[in-house]
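Here is a short briefing for a first look. Start with the structure, then read the points below.

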Amino acid sequence: MEVDGAVVIEKVAGKSAVSRCFSKYPIKFIIPRKVGPSKTDVIWIYTLNYGGGIVSGDSISCELTVKDGCTAALTTQSSTKVYKSRGEERSEQLLEARIGSDALLAVLPDPVTCFATARYAQKQVFRVDSRSSLVLVDWFTSGRHGRGEIWEFNLFKSTNQIFLEDGHPLFFDTVLLEQGSTNSIIERMHGYQVIAMVVILGPRVKKVQDEVQENVKKMMSDQLYSPFTSTRGAQMNKNSDHLYAKPRIIASSSVFGPKGIGTVVRIAAMETETVYRFLQQQLASMEPLLGVPPYK
């Protein structure tokens, strides 16, 4: 299949280096010469869409190869905007990534923001071996708040798949939101404006994985036993004199794979900035690997 962009990263003179990079309309890759201290062995890749967003009917496919022992971070410069659809036409993005032994790929985008009536589907496929490491952030917002668009897109679908080198499936996940005939997306979201998922996998990020699991467990335990979780939208519990409210952010974590080698964290929040702060705090210990703290 012909792709719109491809990047290959391999060791050259003992350092991670880009051996191949090309992209064409409607996507562009930017690879800065330096991000963070020069001693940090990492390649940062920024993706941009021509025109500032994804147009109805766009179908974008990219390939990324991070070879043995290399480190790469894939990110964006701002939220990915998905413009209004023309009729039933939808926009699509596909990323296929292969991560070598002792290699690390961090996928750290800003959120996807779908405009009213937009129809959008993305799929990300990762192929790893037992020594590969992956950090994946996948998140989206309810729309353009400034224009009063809140959960007004028609379709959002995000699929993430991780396969082991023998083709054995390790992790499959799909989020699907579609306007229904019985109830709208906004009714199903119960006031939350941002949905996010973080996947942490592999030996090079084991410390991050353990920290995030413990932090999420503590955060939700504190909320569970605190009667005052927010000052907005509070409601009186009929069987109690306490004032209860919907928390500004909720999160859960669980493990997957043989011997719990991976962790997935799922997040719902009322504000985009709340998730940015969550990601900054939880992924801060990746700074030595990436040269800069994620989402700072």
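The points below cover the overall fold and the cavity.

This is a predicted model, where local features need pLDDT of at least 70, side-chain atom pairs count only at pLDDT 80 or more, and totals for chains, interfaces and linings use all residues. Residues are numbered from 1 along each chain as its sequence is written, and side-chain values use heavy atoms, leaving out hydrogens and water.

**Overall fold**
- The protein has 4 helices and 20 strands. These are DSSP runs, numbered from the N terminus: helices are H or I with at least four residues, strands E with at least two.
- The C-alpha trace spans about 70 × 45 × 35 Å along its principal axes.
- Of the 296 residues, 49% count as buried (under 20% relative accessible area, 1.4 Å probe, protein chains only).
- Among contacts (heavy atoms within 4.5 Å) with a separation of 6 or more, 72% join residues 24 or more positions apart.

**Cavity**
- A search of the whole structure finds 1 cavity of 30 Å³ or more. On a 1 Å grid over the protein atoms alone, a cavity is a set of points where a 1.4 Å probe fits but cannot get out; lining residues have an atom within 4 Å of a point.
- The largest cavity has a volume of about 430 Å³, the space filled by probe spheres set on grid points joined across faces, edges and corners.
- Its lining has 29 residues, and the closest to its centre are Thr 47, Leu 74, Gln 93, Leu 95 and Gln 124.
- Elements giving two or more residues to this lining include β4 (43-49), β9 (91-99) and β12 (119-128).

Methods. On a 1 Å grid over the protein atoms alone, a cavity is a set of points where a 1.4 Å probe fits but cannot get out, and a pocket is an open set with protein on both sides within 12 Å along at least five of seven lines; lining residues have an atom within 4 Å of a point. Buried means under 20% relative accessible area, exposed over 50%, partly exposed in between (1.4 Å probe, protein chains only).
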